[in-house]
Amino acid sequence: MRLILVSLLFVFSPYLYGQNNDSENKLGIKTSINASTIFGSELINPRFKYGYTAGAYYQYSINKKWAFQTEFLGNFKGSKFKNGIGKYSKIATFYLDLPLLAVRHLDNNKTQSLLIGPSISYLALSSLFIGQQKKAELNVLDLKDMDFGVAIYYQKNSKIASFQIGAKIGLTNVNNGINFVDIKPATGNNGTIKNLGLEIGFLF
């Protein structure tokens with residue numbers, strides 16, 4: 001709960017203190033679909049899993065070329081695995097994401113922008129699925145609560161909505177002792193586990 005409150009403060013504090021300084025500042029909502037996966041040496045045969053992201057954003061205009069954008073998002077992601085019948089087939093996770101992005105406008109009309117910056121993520125939920133089972137075999141997996149990464153986007157802007165496409169690349173090894181007892185393929189090797197997500201969506 002404290003993380004949520006601090007994250008909300010990051011997102012909305014520029015609006016509270018800077019909304020009268022520049023009429024081009026923007027407060028709105030963001031929604032996107034994503035294709036995510038988990039890579040590293042601990043879990044084998046990963047495949048992309050589809051999910052979605054939704055939340056709020058605030059963009060603070062610095063000058064004609066630069067801005068700063070914060071976002072607070074709920075992110076349903078994880079990974080599928082091609083391991084066969086009776087073996088682990090999917091990890092589903094839910095993260096709270098807080099990207100802190102530098103915005104570089106590519107033209108004077110600000111119709112196109114590049115965004116890049118660190119992204120802080122808090123793991124709220126995690127589940128493991130076996131084969132074709134619809135019910136999770138395990139919940140609360142041994143993954144670290146915090147993940148630190150980099151977010152990078154291309155954004156096409158208009159007065160009604162902005163189109164955004166990009167990626168979040170996890171830099172943290174989030175393995176916190178994963179060992180699925182009696183579940184194949186074997187785990188417990190203390191290998192690496194990192195997150196990768198590709199996103200396409202809209203900001204309103």
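**Contacts, burial and cavities in a predicted model**

Q: Which residues does Leu128 touch, not counting residues up to four places away in sequence?
A: In this predicted model, Leu128 touches Tyr88, Lys90, Ile91, Ala136, Glu137, Leu138, Leu141, Phe180 and Ile183, with residues up to four places away in sequence not counted. Each of these counts as a contact because heavy atoms lie within 4.5 Å.

Q: What makes the largest nonpolar core a core, and which residues have the most contacts inside it?
A: The term applies because its members are buried residues of the nonpolar kinds, joined through side-chain atoms within 4.5 Å. The largest such set has 16 residues, and those with the most contacts inside it are Leu43, Tyr88, Ile91, Leu128 and Phe180. Strand E5 (88–105) and strand E6 (112–130) each supply at least two residues of this core. A second, separate core has 6 residues, including Ala67, Val103, Ala151 and Tyr153. In general, nonpolar side chains tend to be buried together in soluble globular proteins.

Q: Why is Gly78 called buried?
A: The relative accessibility of Gly78 is 1%. Buried means under 20%, and therefore Gly78 counts as buried. Gly78 lies in strand E4 (residues 66–81). Leaving aside neighbours within four places in sequence, Gly78 is in contact with Ser36, Thr37, Ile38, Lys49, Ile91 and Thr93. The C-alpha atoms of Gly78 and Phe94 are separated by 7.9 Å, the two residues being 16 residues apart along the chain.

Q: How do you know whether Ser89 is buried or exposed?
A: Ser89 has a relative accessibility of 15%. The cut-off for buried is under 20%, so Ser89 counts as buried. This residue lies in strand E5. With neighbours within four places in sequence left aside, Ser89 is in contact with Ser79, Lys80, Phe81, Phe129, Ile130 and Gly131.

Q: Why is Phe39 called partly exposed?
A: Phe39 stands at 35% relative accessibility. Buried would require under 20% and exposed over 50%; the value for Phe39 is in between, so the residue counts as partly exposed. Phe39 is found in strand E1 (residues 26–39). Not counting residues up to four places away in sequence, Phe39 touches Gly170, Thr192, Ile193, Lys194, Asn195 and Leu196. Asn173 is 134 residues apart from Phe39 along the chain, and the C-alpha atoms of the two are separated by 9.8 Å.

Q: What makes Thr172 buried?
A: Thr172 has a relative accessible area of 17%. The limit is under 20%, so Thr172 is buried. The residue has its place in the loop between E9 and E10. Thr172 touches Met146, Asp147, Phe148, Ile193 and Lys194, not counting residues up to four places away in sequence.

Q: How do you know that the side chain of Thr172 makes a polar contact with the backbone nitrogen of Phe148?
A: The side chain of Thr172 reaches the backbone nitrogen of Phe148 at 3.0 Å. A polar contact requires N or O atoms within 3.5 Å, and therefore the distance from Thr172 to Phe148 meets this limit.

Q: Why are strand E8 and strand E9 said to pair?
A: Strand E8 (residues 146–156) and strand E9 (residues 162–170) are joined over 8 bridges in the antiparallel sense. Pairing needs at least two bridges, so E8 and E9 pair. Gly149 has Gly170 of E9 as its bridge partner. E8 and E9 form a hairpin, with 5 residues between them.

Q: What joins E9 to strand E10?
A: The two strands run antiparallel, and 8 bridges join E9 to strand E10 (residues 194–203). Against the requirement of at least two bridges, E9 and E10 therefore pair. Leu198 in E10 is the bridge partner of Ala167.

Q: How many cavities of 30 Å³ or more are there?
A: The count comes to 3 cavities of 30 Å³ or more, and the largest cavity has a volume of about 80 Å³. A space is called a cavity because a 1.4 Å probe fits there but cannot get out. Residues that line the largest cavity include Lys77, Ser119, Ser121, Phe148, Gly149, Gly170 and Asn195. E6, E8, E9 and E10 are the elements that give two or more residues to this lining.

Q: Which residues lie nearest the centre of the largest pocket?
A: Lys26, Asn109, Lys110, Asn157 and Ser158 lie nearest its centre, among the 20 residues that line the pocket. The largest pocket has a volume of about 370 Å³. Strand E3 (residues 49–61) gives the most to the lining, with 3 residues.

Technical notes. Residues numbered from 1 in each chain as written. Predicted model: local features only at pLDDT ≥ 70, side-chain atom pairs only at ≥ 80, totals over all residues. Heavy atoms only, no water. Buried < 20%, exposed > 50% of the residue type's maximum accessible area, 1.4 Å probe, protein only. Helix = DSSP H or I, 4+ residues; strand = E, 2+ residues; numbered from the N terminus. Polar contact = N/O pair within 3.5 Å; in protein donor to acceptor, adjacent residues only side chain to side chain. 1 Å grid on protein atoms, 1.4 Å probe; cavity = no way out; pocket = protein on both sides within 12 Å on 5 of 7 lines; lining within 4 Å. Points joined across faces, edges and corners; volume = space filled by probe spheres on them.
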